[in-house]
Amino acid sequence: MTTTPGAGLGAMIRTWRDRLPPSAAALPVGRARRATGLRREELAELAGVSVDYVVRLEQGRATTPSAQVIASLARALQLTVAERDHLYRLARLVPPADGAISDHVSPGVHRVLTRLGDVAVAVFAADWQLIWWNRSWAALLGDPSSSPPRLRNFARDRFPVDAGPVHLARWPVSELDSEATDVAVVSDLRRATGRFPRDARLARLIRELSAGNRRFAELWANGTVAAHREDHKTIEHPSVGPIAVDCDVLGDGDSECKIVVMTTVPGSADESKLRLAGITGITGATGATGTPVTANGPPTRR
């Protein structure tokens with residue numbers, strides 16, 4: 001019997017979709033719900049693809065998904081690294097190479113993030129590439145999904161090489177200690193080059209910033225190494241006015257991922273503004289209200 005091209009891929013996507021309960025993705029579970037796992041439309045929304053494309057993948061009619069789509073599906077389905085690599089192979093793609101910067105959010109970390117409720121949180125790779133954000137993050141800073149995946153990088157926004165737009169924060173953001181943040185970002189990239197010396201994306205980023213931004217080139221040449229894991233920021237939100245937040249950066253072990261959390265003082269006017277921002281409708285376009293969303297970003301790598 002000849003196997004239809006793509007049939008294995010579709011069957012595994014369906015299997016993994018059926019096993020993931022809505023609660024694992026912080027989706028509401030209604031009484032009339034018959035599906036034990038994710039519905040097709042829920043997977044499509046979390047992965048940032050169309051429902052029709054998910055249907056065609058599961059039916060074996062779409063047989064050549066891009067690495068970007070496979071990466072997004074792997075994150076939405078909360079696959080382990082081994083499962084993610086199997087998904088790549090079923091799509092006839094080469095899995096991410098060893099020694100490369102990871103764009104993968106592990107199932108355990110994903111479960112923790114979904115339990116943070118209305119806290120604004122995003123996950124960045126070791127090179128400050130945005131790989132995941134939730135609805136509250138999009139409500140606070142603006143939805144990053146309209147920017148090209150390659151440009152969703154905090155270092156690129158921090159040290160622009162041209163007069164183009166900022167891609168991660170749609171509204172103006174001021175900081176208590178801008179100098180320390182600059183130094184910390186450059187230090188993070190320097191540390192990443194030691195941890196991932198053969199990563200092509202990281203090498204390209206450093207070349208482009210060194211050649212195109214004088215400030216970055218100066219800090220890089222100075223060889224400064226510093227740590228800066230907290231800051232106080234003010235976001236000039238267009239609907240509710242300025243929101244003061246505390247910004248904390250948490251690490252994720254060997255992958256060097258950075259979990260960035262924005263919080264307000266409990267009971268403050270800023271907390272009320274943040275909640276109101278979530279109600280105004282300025283939210284991310286790739287996930288259901290109140291749920292974490294998978295950034296439709298670059299291919300997942302180890």
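**Close-up views of a predicted model**

View 1. The largest pocket has a volume of about 510 Å³. A pocket here is an open set of points on a 1 Å grid over the protein atoms alone, where a 1.4 Å probe fits, with protein on both sides within 12 Å along at least five of seven lines; lining residues have an atom within 4 Å of a point. Points are joined across faces, edges and corners, and the volume is the space filled by probe spheres set on them. The pocket is lined by 27 residues, of which Phe154, Arg158, Glu175, Thr181 and Lys233 are the closest to its centre. Elements giving two or more residues to the lining include helix H8 (154–158), strand S3 (173–175) and helix H9 (178–195). H9 supplies the largest share, four residues. Helices (H or I, at least four residues) and strands (E, at least two) are DSSP runs numbered from the N terminus. By type, the lining has 17 nonpolar, two polar and eight charged residues; Ala, Val, Leu, Ile, Met, Phe, Trp, Tyr, Cys and Pro count as nonpolar, Asp, Glu, Lys and Arg as charged, and the others, Gly among them, as polar.

The model is predicted: local features need pLDDT of at least 70, side-chain atom pairs count only at pLDDT 80 or more, and totals for chains, interfaces and linings use all residues. Residues are numbered from 1 along each chain as its sequence is written, and side-chain values use heavy atoms, leaving out hydrogens and water.

**View 2. Arg158 and Glu175.** These two side chains form a salt bridge, with the closest N and O atoms 2.7 Å apart. The term requires a side-chain nitrogen of Lys or Arg within 4 Å of a carboxyl oxygen of Asp or Glu. Arg158 lies in helix H8 and Glu175 in strand S3, 17 residues apart. Arg158 is buried at 19% relative accessibility, while Glu175 is partly exposed at 22%. Buried means under 20% relative accessible area, exposed over 50%, and partly exposed in between (1.4 Å probe, protein chains only).

**View 3. Glu58 and its two arginine partners.** Glu58 forms a salt bridge with Arg17 (2.7 Å, N to O). Glu58 is in helix H3 (residues 51–58) and Arg17 in helix H1 (residues 7–19), so the pair ties together parts 41 residues apart in sequence. Glu58 is buried at 12% relative accessibility, and Arg17 is buried at 6%. A salt bridge also joins Glu58 to Arg40 (2.8 Å, N to O).
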